[in-house]
Amino acid sequence: MAQLSGRKRGRALSRLATAAIAAALVGATAGTAVATPAPPVPAPLKAAPAVPRDAVHPTAAAPFFPLFATKASGEVYTYEPNLQGGFGDREIVKDSDSRDATASVQVDLNQHGLMDGLYLRATDGSLVFTSVPENENEEPKTGRIGGGWNIYDRILSPGDLTGSGHADLIARDKSGVLWLYQTRQDGTLGDRVRIGRGWDIYTDIVGRGDLNGDGKTDLVAKDRNGVLWFYKGTGNINDPFESRVRVGGGWNTYDMLLSTGDMNADGRSDMLARDHDGVLWLYKGNGNQSDPFENRVRIGGGWGQYNSLF
């Protein structure tokens, strides 16, 4: 179990994550020109008061991840959660251009509750992995995993779905079949396992840790009618989810759902939702078996400027 001790540790994690994404983008876009980022515009949120990080222990069930945001013009920004349900000021990721990366996935490979790797898919379909070192003096290591990843229209990592002790990757192909890849500590992947078909009915598939308090990694998915469904984890590699449970309708008010883990340091994973006006909302996890979220809480506006959040 990892421990965040004080504001200094939080900033160190942010710097390491920033270095990792910069390295990954360079690896994914090798041979292309890197655009000079435009001067940063005011952040959409005011910095929240700093909070003590002592005794905050992220776990695999409720991890603590930064939030990355990209613009269509290529700029990449990072936000550090303040553990009060919001974010501090954004920081630009220097020497990065996201325009040749078509998918980005943060992972916690060793399940210690903190980001330790990043997968990026380049426009040519190749998958690149970059490590996030725990020591500030170490450099991220980047390597190409393989090609052919353009067959997938959705790639994510909700956590350890199989009980292996490592985070897993999930990928949905364009015919709606969901596949699972077990990861290794060096970022390489095992053979894919078919989970099931029919997942093309969903416009969003989101998860980051345990939502119902049973210690297993879960997912939620929004269908085209705006209904949100809850998939409880089983820990079985061949059948990692129980039958879906209906959470509720009206979720088409949002154009993006995502999760960075535990946003308010209560030991439960949470979810973020951006509405069509660019307002970001927090849904706190509550551990309920059928309705895993509390009523939404407004984080702030201005998030419509980003074409991707992860």
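I began with the term I needed: a polar contact is a pair of N or O atoms within 3.5 Å, and within protein one must be able to donate a hydrogen and the other to accept it. I also kept in mind that this is a predicted model.

**Gln111.** I found Gln111 in the loop between strand 4 and strand 5. Its side chain reaches the backbone oxygen of Asp108 at 2.8 Å. Is Gln111 buried or exposed? Gln111 counts as buried because its relative accessibility is 18%, and the cut-off for buried is under 20%. Leaving aside neighbours within four places in sequence, I listed its contacts as Ala60, Gly159, Asp160, Gly165, His166 and Ala167.

**Asp116.** I placed Asp116 in the loop between strand 4 and strand 5 (117-122). Which side chain of opposite charge is nearest to Asp116? I got Arg208, 9.1 Å away. Asp116 is buried, yet has no salt bridge. I did find a polar atom of the Asp116 side chain 3.2 Å from the backbone nitrogen of Asn110. Beyond four places in sequence, the contacts of Asp116 include Val107, Phe129, Ser131 and Gln185.

**Core.** I then turned to the largest nonpolar core, which has 16 residues. Tyr119, Trp149, Ile155 and Leu169 have the most contacts inside this core. Strands 4, 6, 8, 9 and 10 each supply at least two of its residues. Strand 4 gives the largest share, three residues. I checked Ile155 as well: outside four places in sequence, Ile155 is in contact with Ala103, Val105, Arg121, Trp149, Leu169, Ile170 and Ala171.

Definitions and conventions:
Residues numbered from 1 in each chain as written. Predicted model: local features only at pLDDT ≥ 70, side-chain atom pairs only at ≥ 80, totals over all residues. Heavy atoms only, no water. Core = buried A, V, L, I, M, F, W, Y, C linked by side-chain atoms within 4.5 Å. Buried < 20%, exposed > 50% of the residue type's maximum accessible area, 1.4 Å probe, protein only. Helix = DSSP H or I, 4+ residues; strand = E, 2+ residues; numbered from the N terminus. Contact = heavy atoms within 4.5 Å. Lys, Arg positive; Asp, Glu negative; His and termini not counted. Salt bridge = Lys/Arg side-chain N within 4 Å of Asp/Glu carboxyl O.
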